[in-house]
Amino acid sequence: MTGIDHNLAGVEVRERFSFTSAGAAKALLRIYSREDIAGCVLLSTCNRTELWASTLGDKPVDLLPLLCDCKDLPYQDYAPYFVHRQGQEAVRYLFELASGLRSRVLGEDQILTQVKEALAQSREAQCCGSVLEVLFRNAVTGAKKIKAELNLSTANASAAELAVAWLKQQGMPLAGKRCLVIGNGEMGKRTAAALLAQGADVTVTVRQYHSGVVEVLPGCRRIDYGKRYTVLPQCDLVVSATRSPNVTLRRDDVAACGLSQPTVFLDLAVPRDIDPGVAQLPLATLYGIDLFAAPESRELLKELQRARMLLQQQEEKFLAWYECRDLIPRVDKLGRYLAQETTARVAGDAQRLGITEEQRGALTQLLEASAGKVLKKLLFSVRDEAGAEVLRSCVEAMEQVTEHE
């Protein structure tokens, strides 16, 4: 994988590598068309953009030029902002990422949804490949175990909640404050909910679609997105949190509104929603998403240690599968042999049961399907319990037996 995140670059660089859903789909198809790429997944969030690939052949593939080509950017200029991982290091990183252990807001659960969406998008584009399919599914399984078995103290925090908490720490009481939230997606809803919990007067912008009325959180007013500038002069706080590739608030348009009181602007989007020039306007104060991160407590660090131990078990399962994936066709062949032997041995008994020929045919099909599945389950349980080498020995021994019969 190759990726850029909040630890490596500021929002002004990260936003250049942000992908919309349509843009990500085009990029996946472009990268997957290469002969040396067996599968690819593109993860694009507020804090990171990562290209994952399984490759063919012995030569390593430099993924950064491929990613930069999709954005028409010179990769030499951006190489210092990217990190590259491969092999077991990449596997461990993905497992920690999906579990929220690599997030700016430690332990947050939004990243798990984003990882699942990235996998689903790659599947839909038919660009995933078997290795990344199994890898990402294992990462999701590991993340779910973390959520179920551990109590990460910041698990439900996001940039929205942290931004609201930070404003309170700065001495800005929110009760009764007039707030505008631009965006009604997941981040926008979380922001609106956090403000409502503080007693704020919240208005949310919505776009009208042909599919019908768009719902907003109970307790919020709603206005059409196109009328957002009309309410700005009355607002104490304006938060923009959309996934749009376009700016939602432009400097000149905000200036034309004529702010009548000090107004705080929070930009929780990547790419940025609010024109940075808004910060230069009288009465306006602008903060970006990179300001907000959750502090690590001693209790949280202990939970993180336990989380990494759980993820190590999941990582070992994936690596065992990866090491033994060449055995799958051989195990399938043994499964077919077992199915044939089983049905042949019970054929006579089936006749004595007094069932019809149609019923005997159905029974034979069930036996054939079940026998192969049972053998596969047993053999790969051996792998999980005793390791890859023991599985190989078992398969080889069984193959010798079937060849002699």
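## Largest nonpolar core

Which residues touch the most other members of the largest nonpolar core? In this predicted model, they are Trp-52, Leu-94, Phe-95, Leu-135, Phe-136 and Phe-318, within a core of 34 residues. At least two residues of this core come from each of β2 (37-44), α5 (87-98), α6 (110-124), α7 (130-149) and α12 (298-324). Helix α7 gives the most, contributing 9 residues.

The surroundings of Phe-318 can be listed individually. When residues up to four places away in sequence are not counted, Phe-318 touches Val-91, Phe-95, Val-131, Val-134, Leu-135 and Asn-138. Phe-95 and Leu-135, two of these partners, are also among the core residues that touch the most other members.

## Gln-110

Helix α6 contains Gln-110. The relative accessible area of Gln-110 is 13%, so this residue is classed as buried, the cut-off being under 20%. With neighbours within four places in sequence left aside, Gln-110 is in contact with Glu-186 and Met-187.

## Asp-253

Asp-253 is located in helix α11, which spans residues 251-257. Its relative accessibility is 34%, and Asp-253 therefore counts as partly exposed, a class that lies between the limits of 20% and 50%.

Asp-253 can also be placed relative to Tyr-229. The two residues are 24 residues apart in sequence, and their C-alpha atoms are 7.5 Å apart in space.

Definitions and conventions: Residues are numbered from 1 along each chain as its sequence is written. This is a predicted model: local features need pLDDT of at least 70, side-chain atom pairs count only at pLDDT 80 or more; totals for chains, interfaces and linings use all residues. Side-chain values use heavy atoms; hydrogens and water are left out. Helices (H or I, at least four residues) and strands (E, at least two) are DSSP runs, numbered from the N terminus. Buried means under 20% relative accessible area, exposed over 50%, partly exposed in between (1.4 Å probe, protein chains only). A nonpolar core is a set of buried Ala, Val, Leu, Ile, Met, Phe, Trp, Tyr and Cys residues joined through side-chain atoms within 4.5 Å. Contact means heavy atoms within 4.5 Å.
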